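Subject: Handover of a structure

Dear colleague,

Please find below the structure that I am handing over to you. My notes on it follow directly after.

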Amino acid sequence: MKAMAVRPLLLFFFFAQVRLSFSGELSSMESIPDLQESMYMVVDGYPCVRLLNLSGKIGCSNPGREKVVASIRRFRNANDLTQLTAVLVSLDELQDLLHRYRSIHICFRISNDVSFHKNIVGVLVESGAEIRDKLKGFSPTQKFPQAEFAPYPSINYEWNSMGSGIMLKAYDFPVFLLSESSTSMLQEVADKNEKVMNGYTTSVAEFDLVMQTTKAGTHDSESCLKEQTCLPLGGYSVWSSLPPINMSLSYQSKPIILLVASMDSASFFRDKSLGADSPISGLLSLLAAVDALSRVDGWNDLNKQLVFLVLTGEAWGYLGSRRFLHELDMQSDGVSGLNSSLIEMVLEIGSVGKGSSQGVKTFFTHTTGVSSAVNDALDALKRAQDSLKSENIEVLSSNSSNPGIPPSSLMAFLKKNSLTSGIVLEDFDTAFTNKFYHSHLDDMANINSSAVVAAASLIARSLYILASDNNDMHSSVLGAINVNTSLVEELMGCLLSCKPGLSCEMVKNYIAPANVCPSHYVGVVIGEPSFKPYLGYVDDVSRFVWNFLADRTSTPKENASSSCSKDCTNEDEVCIRAEINGKGVCVISTTRYVPAYSTRLMFESGIWNVLPPNSSDSMGSVDPVWTESNWNTIGLRVYTIQNGAYDHFILIGGITVTILAYFMIALARSLITKALKRD
C-alpha cells in the first residue's frame, strides 16, 4: 500500500519537471523567428554577383532558379568530390580553384575532372588579417585593365603583373567572401564535417544567389535590358569650379585647368570594393588639395579657371569620363559654363597612396606627349616640389620605354581628342606597385597617409602656379598653401573603413548616409538619368563629394546666407547640407552632377535601349555596355541536416519492422485461435 501511494507522487514530480522544462523552452522561443534563429546560422559575407555585357556574362550565380544546398568541405580535401559540395577555400587557393573550373568547363568532354565540375556547387572564401601577409599579390582583373580603350597599339603590355582575370569569367555557382567572424565559424563546421564524414548528420550551406537573368534566360546586356531583368552600371560624377563660374556671361574666355580623380573601384566581391590606393588615394588628394586652395584669396584675378572633376564608372568602361565628354559635345545643362575647346590641360591624380618609401615620397608623371601645356605643367610640378623641400617629395618622369599613359581616365580624353595635353600623377613607373589592384585587399592598410598628403600638397601648389600664370611668384605665396593632414586622416577613416565609416562627423555634416560601411562599387542607374537627380538615387559617396566641393569652392554671399531644403532661387547658387534637417544653406558655387552611364544606352519610356555603334565614337564600338542582374534576395546560411543514407536506413528499417510486426501479429493470432479451440 505504501509503494502504491508513492507512485502517484513520483509521477506528479516527473510531469511537473517536464512541464517546467518545456515552459522554459517556450519562454526562450516566443516566435517562429526565434525557432528559425536557433536552427539556422546566418553567415556574414560579400557575394560575387552576375554582370553582363553585349558579349555574354561574367561573375557568379546559382545555376538555376532555386537555392543551392551542399555539405561544407575544405578545398584541400575536395579533390575527389562524390557529392554536391560547398568548398571552403583560402584566398590563395581561390585562383587555382577557379582556373581549374574554367579549364574543365572549356574542355568538359575530354576532362578527367568531370566529378569535380559537377559536384562543386558553391565556394566560401576565408578572410583574415594574416592573409595579406601570406600573399605576394591578388588582382582578379586583367594584366592590362580595359586595354580596349588604350590610345596606343601595345595592348599586351603588362601594367598589372598580378592580374589573373578571374573576375571577368562566368561561374555557375555562388561565391561568397566570408567576414572574419564567419570564417572562424565555418572552419569549425568544415572540420566537424571531416571528422564525421560518414555520420548521420552533416552541416550544409544554403546559398540564395538566384539571379533574374538566369531565371529569364537573358544572357547578355541587350536581352536583359529588353526584358528588364537587369540595370546598367553607372551613377553620378561631380564637377566643380574655383572660383565659381559667372553663368550670366554668355561666353567664358578663361583657359581651363581640369583636375581629375575617380571615386569608383571594382572587386571580385561586389560590396567589398574599397580601392584604397586605386583610385581612392587620388580622390583623397583631390579633396585635400581643393580644401587647401579654398583658403587662398584672389581667384577671380587669376588668368585661368580651375575645374575639379570626380568621376564614377571608370572601372567599367570609363563610363564617367566618356559620358562627361559626350555631354560637353552636346552642351548639356549639366556642363553649362564649360567648353571643351577651353580645356588647356588635364591633370589626373591616379594611385598615389603607396608613393612613400623610407621617408621619401616619390611620384611619376605619365604624359600624353610633348606640348607647351604639358611642359608648363611639368615646370609647375617641379616648382611645387622645390617649394616643399622639407617634405622630401620627389617627382620623376616615367620611363620612356612605356607604351604610353597607364590605364586612366585620361585615356578617354585622348581617344576623344588625340591632341589633348595631359599628365597622370602615379606612385609607379613601368607597372603598378599596388599588388592588390581591384581586389578587396586594397584597403586602408594598403596606403600611407603621408603619401596622400604629399601628393595633395604637390597638386595644390602646382595648380596655383598654373592658374596664376605668374613665373615671378614669391615663395611666400606658395608657402601659404598647406594641406590639412588631419583632414586627410579623417577622410581615410570616413571613406575606407567601417569605423567610423560614413557615420563620421565630416560626412554627417553634409549628408544623411544610407550606409555605414563604404563601398566604392559603381552600382546601377535607377530611374531616368538627370542633372538634378532625386538624391535617393545618388550613392552616399557622390552626394558627399558634391556637398564637400560645393562648400569648399563657394564664395561668400553679399546678403546673409539663406536657408534651403532643396533648391535655391538664384541660378549661381546651390543648396548644401540639404539632407540635414534645418541646416541647408544656399551658397554661390558652380557644382554639378553629371550622370555616368554608357554612351551606347538611351532611356526611353521607362526602358533602356542599346544604341548601334556610332562611327564618330571610336570608344563606343568597343564599349562592353555593362549591366548588373536584378535579384530578389541574396543570402547565405548554415544548418545541420540528417544524412540521406541514414534517412534511407531508417525508412527501410521502419518498413522491415512493420512487416515483421505484421507477421508476428498474424502468428500470435493463429496461436491464440488454436489455443481457444482446444479449450
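The notes below cover a helix pair, a strand pair and a sheet.

The model is predicted, so to speak of local features a pLDDT of at least 70 is needed, side-chain atom pairs count only at pLDDT 80 or more, and totals for chains, interfaces and linings use all residues. Residues are numbered from 1 along each chain as its sequence is written, and side-chain values use heavy atoms, with hydrogens and water left out.

Helix H9 (residues 276–293) packs with helix H15 (residues 485–495) at an angle of about 140°, their axes being 10 Å apart. Helices are DSSP runs of H or I with at least four residues, and strands are runs of E with at least two, numbered from the N terminus. On the H9 side, Leu283, Leu284, Leu287, Ala288 and Asp291 make the contact, and on the H15 side Leu487, Val488, Leu491, Met492 and Leu495 (heavy atoms within 4.5 Å).

In strand E10 (residues 201–208), seven of the eight residues are buried (under 20% relative accessible area, 1.4 Å probe, protein chains only). E10 pairs with strand E5 (residues 68–74) in the antiparallel sense over four bridges, where pairing requires at least two DSSP bridges. Val204 in E10 is the bridge partner of Ser71.

An open sheet of five strands has the order E8-E4-E3-E25-E11, with mixed pairing. E8 (170–171) and E11 (230–232) stand at its edges with a single partner strand each, so one side of each has no neighbour in the sheet.

Yours sincerely

Conventions
Axes are lines fitted to C-alpha atoms, for helices over the stretch in contact, and angles run from 0 to 180 degrees between N-to-C directions. Buried means under 20% relative accessible area, exposed over 50%, partly exposed in between (1.4 Å probe, protein chains only).
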